[in-house]
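Here is my note on the model you sent.

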Amino acid sequence: MTPFEAVTQADPYVYYAGLRQQSGLLFDPHLGVWIASSANAVDAVLRHPDCRVRPLNEPVPSAIAQSAAGRVFGRLMRMNEGARHLCAKMAIEPALAAVDPQGFAGIVSRVVEGLENPGDDLDELMFTLPVCVIASLIGIRSCQRREVARLTRDFVACLSPLSDDSQLGKANSAATRLSQVFSELLNNDAEASRLLSAVRNSDETHAWEDRDGLIANLIGLLSQTCEATAGLIGNSLVALQRLPELVETLRATPLLAAALVAEVARFDPAVQNTRRFVAKRCTIEGSVLEAGDSVLVLLASANRDPGANPDPDSFLLNRPERRTFGFGSGRHACPGRQLAMCIAAEAMLAWLHRQPAVSAPVYRWRYRPSLNGRIPQFEQDRRPQS
Ligand code: HEM
């Protein structure tokens, strides 16, 4: 197995444990990449100043470099270092951190109420809900949010090396249309949400003075939300299938939905790995990495490192001092973590609320093709239960 194949296996965690036993940071001669699998190595790579988010010679993947999707990609803080990263980060991160949790929970509930069938249509719950919530937070009108959610799903295809020409074409059209939607929003001061005003009024945005950069990073908030939060919701549903007693626990104490998604984010995370590219010769955990090397950073493996989380293979709602690497760490750590957890917890409650009191449905699932995202695709098992 390779770490890319592991992402969509039923249980990749035994394989990750084997890698950690060999070495927390090892070079795989077949794949030609370093693999960081221990908590210490993952954290060290993510925090290292010479480990960059993109290769120096390819800031934008060549397949999209000359396209609208590429122009958005090239401005995303997630895909940049230096000023382009910092300016966007310093404008957006404090604005997200200042979102009032109660007000946000209210937005999530209103969006849930507007979904057609969040109990049965798991695609709506996993993909449409999270993007609509963040779109609403940014100030997109309710009549436009579904279109924005659909476009965001099309756009994120440009982030995957598995996408074909037709998907890249749709990603391009989506980038163009999303840029238009946000441009109209920025022209209309009366509709600015509190979040958007906070981003626009931050000192950093003045230093930044780049409207295209702002638009790209607003699209970035939606694209970062889309598949990752779908995975967190989907993997929480998987946890309820594997541990059905948790369904009763949640029905009795709905407040535990937050603890459920927090443990799922550690135990079976949506983002299993990320990449770094070495810009300068450096030494990490005793190994010398050369400029031009690349590192596959196994976030999901670090979560199961007993040095970070004792008894890592047990699913514990009340796990003390949980350490979770699935939202990254260091300068590119996810600024949407709390919002994502809140959306996923509310999604679980919405799902539970719509299930019959006597028995929760039984699903079969497989994982959507991906090299880094663990996102289940469900089918309800309609066979009569014995
Ligand atoms: C379960 C849901 C989510 C997961 C698992 C997740 C995971 C991550 C990870 C692993 C990274 C770092 C990638 C790297 O360093 O290579 C990241 C970055 C980022 N995430 Fe999230 N994320 C989630 C939801 C969200 C949401 C809801 C938002 C926005 C509202 C968001 C916004 C961002 C942004 C803007 C970055 C780039 C940060 C930077 O480069 O400084 N994420 N996320």
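Is Ala91 buried or exposed?

1. Ala91 is buried, because it has 24 C-beta neighbours inside 10 Å. The cut-offs: a residue is buried if 20 or more other C-beta atoms lie within 10 Å of its own, exposed if 12 or fewer, and partly exposed in between, with C-beta atoms placed from the backbone. Ala91 sits in helix α5. Its C-alpha atom is separated by 7.9 Å from that of Ala198, 107 residues apart along the chain.

2. A word on the source. This is a predicted model, in which local features need pLDDT of at least 70, side-chain atom pairs count only at pLDDT 80 or more, and totals for chains, interfaces and linings use all residues. Residues are numbered from 1 along each chain as its sequence is written.

3. Overall fold. The protein chain has 16 helices and 9 strands. These are DSSP runs numbered from the N terminus: helices are H or I with at least four residues, strands are E with at least two. The C-alpha atoms fill a box of roughly 60 × 60 × 40 Å along the principal axes. Buried residues account for 44% of the 386 residues.

4. Contacts. Take pairs in contact (C-beta atoms, placed from the backbone, within 7 Å). Among contacts between residues at least 6 apart in sequence, 71% join residues at least 24 apart.

5. Helix α6. This helix covers residues 101-114. Ile107, Val108, Val111 and Val112 are its buried residues. Seen down the axis of α6, the buried residues fall within an arc of 135 degrees, so they line one face of the helix. The arc is that of the directions from the helix axis to the C-beta atoms. On the face turned away, Gln102, Gly103, Gly106 and Glu113 are exposed. The cover over the buried residues of α6 includes α7 (122-138) and α16 (337-353).

6. Ligand shell. The ligand is surrounded by 25 residues, and the closest are Ala228, Gly328, Cys334, Gly336 and Ala340. Two or more residues each come from α5 (82-97), α12 (211-242) and α16. Helix α12 gives the most, with 7 residues.

7. The shell divides into 14 nonpolar, 9 polar and 2 charged residues. Here Ala, Val, Leu, Ile, Met, Phe, Trp, Tyr, Cys and Pro count as nonpolar, Asp, Glu, Lys and Arg as charged, and the others, Gly among them, as polar.

How values were computed: Two residues are in contact if their C-beta atoms, placed from the backbone, lie within 7 Å. The expected span of a helix is 1.5 Å times one less than its number of residues. A residue is near a molecule or strand if its C-beta atom, placed from the backbone, lies within 6 Å of it.
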